[in-house]
Amino acid sequence: MTETRPEDSGPLPEAGPPAGRRLLVGIRDLSYSYGETGRPALNRISANIYRGEHTAILGANGSGKSTLLNCINGLCRPPPGAVSVYGPGGELYDSSRDDHLGRIRRIIGTVLQNPDDQIVSTVVESDTAFGPENMDLPPEEIRLRVDRALAAAGLEALRNRSPQFLSGGERQRLAIAGVLAMEGEALVLDEALSMLDPLAREPLLSLADTLAGNGKTVIQVTHSLEEAFRCSRCLVLDRGALVFDGKPADLLRLPSLEDWGFRLNEAAKTIRMITGKYPGVHITSFDPAETAAAVRAVKAASARAPSVSARPPCAPPRAGEAVSFDGVFHHYLEGTAFAAAGLDGADLHVPEGLSVALIGKSGSGKTTLLKHINALFLPSRGTVRVFGQDTADRKTDLRSLRLRAALAVQHPESALFETWAADDVAYGPRNAGLRGGGLVARVRDAMNEAGLPYDEYGERESRALSGGEKRRLALAGVLAMDSPVLLLDEPSASLDGKNRERVFALAGERRRRGKTVIVSTHSVEAAASFDLVAVMDRGRVAAFGPPRSVFGPQWKAGWGLLLPWTARVARELDAGGTAVPLTAEELAAFIEGNFEDNAASSVAAAGTEARPSCAPAEAVPSSASSSGKRRKTGIEFFRNMTFGQFLGRPSALRRLGAGKKLLLLLLLSALGIAGPHPLFPLSVLVLAIAAGAVFGNVEPKYLLRGFIPAFPYLLFLALLQMLFSWAGDTSPVIFSLGPVTVTGDELLRSCSLVCQLGALMTLLSLYTAVTPLRETLAAFDRALLPLSRAGIPVRDISVILGIALRFVPVLAGEAERIVTAQLSRGGRGGLKSAPGMIIPLFLRALERSETLAKAMALRLYHS
């Protein structure tokens with residue numbers, strides 16, 4: 001084990017090479033800077049990575065981890081001779097040379113953080129084959145590699161599915177499968193698991209363990225000490241310098257760990273405490289069973305710890321109820337083959353002035369529940385009240401309600417829509433009517449609290465910030481609203497320990513100011529610090545109460561969650577016990593027999609499994625009528641898109657060959673677009689609806705469910721078109737306002753535009769409803785095959801088509817996040833929000849395209 005300080009100028013001596021291992025990557029005195037920035041992103045790094053090693057690269061946000069990887073794979077160009085990659089026969093490749101990058105990327109496969117940034121095709125099997133196809137392998141070899149990769153990633157049963165309809169964990173496994181199919185010597189995971197919940201992460205971590213056990217070199221970039229403990233070696237970066245190179249167990253003993261941006265969770269604190277107190281004890285993993293075994297071995301010789309009492313249950317609530325759910329159901333994509341229940345009879349009553357942690361595995365309904373509180377979603381059935389107001393009642397002013405229950409959306413870095421950082425933070429307070437010095441002071445305080453000093457970051461471009469800085473900026477935007485209810489959806493995802501600690505400290509500070517704070521999180525350890533914990537399971541609130549009650553008598557293994565690590569160790573030590581230690585200090589006292597679990601006893605005695613002692617005993621009756629007068633918020637459009645959804649219903653159109661349907665689609669689209677009058681596209685739209693009903697077994701309501709909500713945005717585009725004059729337009733002026741005039745031809749063209757886009761949307765919805773994407777791509781390839789004989793790059797055209805089809809749902813998701821961020825902070829929505837969405841959506845499309853181009857290069861496209 002070796003350690004140095006970031007300010008040391010000399011290179012760090014490396015740990016000794018593993019016995020019998022050959023060199024894979026050699027890094028010598030590597031420094032790297034972006035543009036004209038002052039401090040280098042990497043500062044004189046020297047290290048070797050050997051074949052067969054399982055290495056973790058750790059560090060705080062901005063420490064240089066991704067830059068180091070990008071210098072290895074050539075996405076960043078290092079100085080000549082600074083990074084060398086060795087082939088299986090000892091061949092030497094330099095990452096600074098363009099002609100060596102193809103060979104380097106065959107040896108080292110890289111998986112990026114966000115799977116949506118690297119999935120190319122519209123079918124799982126085709127995306128997995130993308131890398132091997134770029135390697136010019138024989139078709140049979142490609143099939144074998146795809147089969148092996150899908151089997152390793154656990155995606156064999158999903159090989160014909162579109163990535164659009166995979167879960168987050170499944171999409172991440174697809175990204176890994178695409179790299180595994182290239183069968184390089186090394187697999188690099190660049191924070192590729194940071195957005196997944198612990199149970200979704202576990203199969204991928206096990207896959208990495210298995211690959212490493214079979215001799216593959218695995219490099220994991222991570223913030224998690226728990227993940228690092230599964231590796232044989234750790235490299236730690238701090239401010240661009242390599243400050244540690246050694247074994248994970250040695251890393252945990254270092255007092256400088258916190259100085260490097262790490263924050264120890266309860267598991268790390270306990271292991272550090274035990275190994276520090278008993279020098280002969282070695283704990284090599286975060287497995288609770290291993291810690292329990294070590295405890296048993298030393299317990300007899302230990303000195304008694306001071307007595308520790310369990311933290312008492314939450315403080316008595318105030319009289320009012322901030323949020324209530326009574327039998328709430330919410331369904332996505334109702335009436336389609338992909339209909340799913342977001343909430344399935346959820347009941348929840350949250351008193352004012354308390355903090356609530358929402359936990360549950362991915363897809364359990366946490367985000368859907370938060371969006372109901374913020375009135376972005378309205379219940380299909382049941383009643384949601386915020387401060388007594390029924391969100392579905394037409395008399396409720398949803399905009400005013402959202403200003404009282406501010407929501408920080410998930411993946412907030414893609415939901416920033418103002419050009420300058422301070423303007424994005426000011427968006428919510430400005431909608432609430434704050435102006436002048438009061439607005440500036442509110443923005444300044446919020447940015448300072450979020451760790452983005454106003455004087456330093458206020459005039460920076462939002463899109464130029466790092467990923468972690470964007471997340472903190474989105475948090476500042478919600479803090480600046482100072483709303484009575486604060487809603488945070490996975491606010492700590494992808495943040496390092498220091499910033500994760502800051503986020504939960506800010507939530508606790510708002511709770512101490514009397515705010516109601518509701519936070520969704522995958523961390524049960526973080527949830528244990530809240531007043532109340534609500535467990536979401538398959539759209540229902542399966543348990544609700546103080547942490548010691550939920551993690552004790554109410555706990556059920558069927559929820560698909562893990563208990564807090566300290567509680568798991570306690571169960572390993574005393575399988576039949578009822579104690580629920582939630583901190584390292586409580587676990588230490590439990591080990592020594594001095595833990596007084598009075599709070600757990602009182603909770604169990606009170607019989608609080610159905611409802612916590614600090615929640616109202618009875619649900620408040622609905623104050624709004626149940627007359628069925630429900631309204632839409634506008635956000636449902638993005639969940640109701642029918643383009644790309646194959647229904648698979650038996651029909652004449654389903655039996656028709658994909659090539660013939662593709663030809664009909666192109667002919668009808670040309671007819672609708674080329675027609676000089678709106679009647680042409682309108683006729684095509686009517687024909688598509690009739691053909692779907694008669695020959696496709698597809699209802700008109702299904703085909704129009706995406707077009708009708710999009711109509712205001714199409715109308716906005718038409719109005720924009722009317723602002724520009726056309727050469728040779730001699731038609732009479734119909735309307736005039738100052739310099740703006742609208743002629744008859746301009747009005748006709750605008751009406752044609754709306755009808756054309758509507759006809760295209762309906763045609764595409766019908767085509768994809770009766771044709772799976774796999775058949776579409778195969779038909780397109782067959783149609784283009786004759787062109788390849790003329791030297792036309794048919795495969796490139798096919799790849800572009802696949803990317804275009806893939807980008808439609810991806811950009812729809814981006815648009816949803818932008819509109820959600822606007823509405824959740826008091827934006828008005830509708831046409832007034834369109835200009836604020838179009839520009840950031842365009843910029844996000846450019847960012848996505850740039851990242852996708854890098855991912856394609858890593859998978860040898862045009863190498």
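Which residues does Arg106 touch, not counting residues up to four places away in sequence? The answer is Met135, Gly184, Glu185 and Leu860, where touching means heavy atoms within 4.5 Å. Before we go on, a word on the model: it is predicted, so local features need pLDDT of at least 70 and side-chain atom pairs count only at pLDDT 80 or more, while totals for chains, interfaces and linings use all residues. Residues are numbered from 1 along each chain as its sequence is written, and side-chain values use heavy atoms, with hydrogens and water left out.

Let us stay with Arg106 for a moment. Arg106 sits in helix α2 (residues 98-107); helices (H or I, at least four residues) and strands (E, at least two) are DSSP runs, numbered from the N terminus. Arg106 counts as partly exposed because its relative accessibility is 29%; buried means under 20% relative accessible area, exposed over 50%, and partly exposed in between (1.4 Å probe, protein chains only). Glu183 is 77 residues apart from Arg106 along the chain, and their C-alpha atoms are separated by 7.9 Å.

Now to a pair of helices. Helix α5 (residues 168-180) packs with helix α6 (residues 198-213) at an angle of about 20°, and their axes are 11 Å apart. Axes here are lines fitted to C-alpha atoms, for helices over the stretch in contact, and angles run from 0 to 180 degrees between N-to-C directions. That angle makes α5 roughly parallel to α6, a term for angles under 35 degrees. On the α5 side, Gln172, Arg173, Ile176 and Leu180 make the contact, and on the α6 side Leu204, Leu207 and Leu211.

Finally, turn to an open sheet of six strands, with mixed pairing and the order β18-β19-β20-β15-β21-β22. Two strands pair if DSSP finds at least two bridges between them. At the edges are β18 (405-408) and β22 (540-545), each pairing on one side only.

Look at strand β15 (residues 355-359) within this sheet. Four bridges join β15 to the parallel strand β20 (residues 516-520), and Ala357 has Val519 as its bridge partner there. Four bridges also join β15 to strand β21 (residues 532-537), again running parallel, with Val356 opposite Leu532. Is β15 covered or open on its two faces? Both faces are covered: Ser355, Ala357 and Ile359 on one side and Val356 and Leu358 on the other are all buried. Helix α17 (residues 497-512) lies across β15, β19 (485-489) and β20, running at about 155° to β20.

Note on methods. Angles under 35 degrees count as roughly parallel, over 145 as roughly antiparallel, 65 to 115 as roughly perpendicular and the rest as oblique.
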